[in-house]
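This report examines how side chains are packed in one protein model. Please look over the sequence and the structure before reading on.

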Amino acid sequence: RTLLSENELKGLWGEMWFMKELVFRSADREQDERCLNSWKGSDKAKRDFRLPDTKVIFEIKTTEKAARVHEISSADQLTIRKGEKAAYLVSIGVKREDAGATQTISSLVDAICERLDDELLEKKLLNLLKERKWTRESGQDISLILSTGIPLRMFPFDVVPTILPLPDGVPDANWVVQLNDKDAVKRAEQDSIFDRGISLSN
């Protein structure tokens, strides 16, 4: 069995937190399914969430640092493709704690499944997790709490520091960015982006 690294577990935790945010805003089963279908965080996909109907992209980044410092692991992660309407890097600050209001991947999955309340959709989520080499039975997990100083914020791709376009002869690259909250989407607009993302009437 392939074990996930600490960084991979932290990344998966962030993706499940974001999935929870989507699902808890969903109005019906169709939107629930759309949320699950949007998750593209496999080895082959470069961006984490792509809502196919509304063409909105979300790349999730989770950090334990005291600032919004994130690694961009591929040039494709920040590339907006033809037909995609909007793209956001979602920055989530977390802390590692063993008590209090911590959440694990398992507890986030449980909360999502309880909200879905649909056996087929729950099975679909668990299969998606299995594709990403995580199961409840694996015993692999991480206990994190959201950082009050670095709450979830969205940053349009065009404000994220970049080295793109890459020069000729450089097929790919990875780099580290530090984001500033002043460049983030305003909180009220952030809620509407969530809602527009899972709705067809945007």
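## Packing of the side chains

Gln31 is buried, with a relative accessible area of 13%; buried means under 20% relative accessible area, exposed over 50%, and partly exposed in between (1.4 Å probe, protein chains only). The model is predicted: local features need pLDDT of at least 70, side-chain atom pairs count only at pLDDT 80 or more, and totals for chains, interfaces and linings use all residues. Residues are numbered from 1 along each chain as its sequence is written, and side-chain values use heavy atoms, with hydrogens and water left out.

Gln31 belongs to helix α2; helices (H or I, at least four residues) and strands (E, at least two) are DSSP runs, numbered from the N terminus. When its neighbours within four places in sequence are left aside, Gln31 is in contact with Arg25, Ser26, Ile198 and Ser199, where contact means heavy atoms within 4.5 Å.

**The nonpolar cores.** A nonpolar core is a set of buried Ala, Val, Leu, Ile, Met, Phe, Trp, Tyr and Cys residues joined through side-chain atoms within 4.5 Å. In soluble globular proteins, nonpolar side chains tend to be buried together. The largest core of this model has 41 residues, and those with the most contacts inside it are Met16, Met19, Trp39, Phe58, Ile105 and Leu125. At least two residues of this core come from each of α1, α2 (29-38), β1 (49-51), β2, β4 (86-96), α3 (105-116), α4 (119-131) and α5 (187-198). Helix α1 supplies the largest share, 9 residues. Another core, of 13 residues, lies apart from it and includes Ile57, Phe155, Val177 and Ala184.

With its neighbours within four places in sequence left aside, Met19 is in contact with Cys35, Leu36, Trp39, Phe49 and Ile112.

**Aromatic rings.** How many aromatic pairs does the structure hold? There are 6 aromatic pairs. Rings of Phe, Tyr and Trp (its six-membered ring) pair if their centres lie within 6.5 Å; planes under 30 degrees apart count as stacked, over 60 as edge-to-face and the rest as tilted. Two of the pairs are set out below.

| Pair | Centre to centre | Angle between planes | Arrangement |
|---|---|---|---|
| Trp13 and Trp17 | 5.4 Å | 15 degrees | stacked |
| Phe18 and Phe58 | 4.9 Å | 50 degrees | tilted |

Trp13 and Trp17 both lie in helix α1 (residues 6-23), 4 residues apart, about one turn of the helix. Trp13 is buried at 0% relative accessible area, and Trp17 is buried at 11%. Phe18 lies in helix α1 and Phe58 in strand β2 (residues 56-63), so their pair ties together parts that are 40 residues apart in sequence. Both Phe18 and Phe58 are buried. One aromatic cluster is formed by Phe18, Trp39, Phe49, Phe58, Tyr88 and Phe194.

A charge sits over a ring if NZ of Lys or CZ of Arg is within 6 Å of the ring centre and within 35 degrees of the ring normal. Arg132 lies over the face of Trp39, 3.7 Å from the ring centre, and Arg115 lies over the face of Phe24, 5.1 Å from the ring centre.

**Cysteines.** A disulfide is a pair of cysteine sulfur atoms within 2.5 Å. A search of the whole structure finds 0 disulfides. Cys35 is buried at 0% relative accessibility, and Cys113 is buried at 7%.
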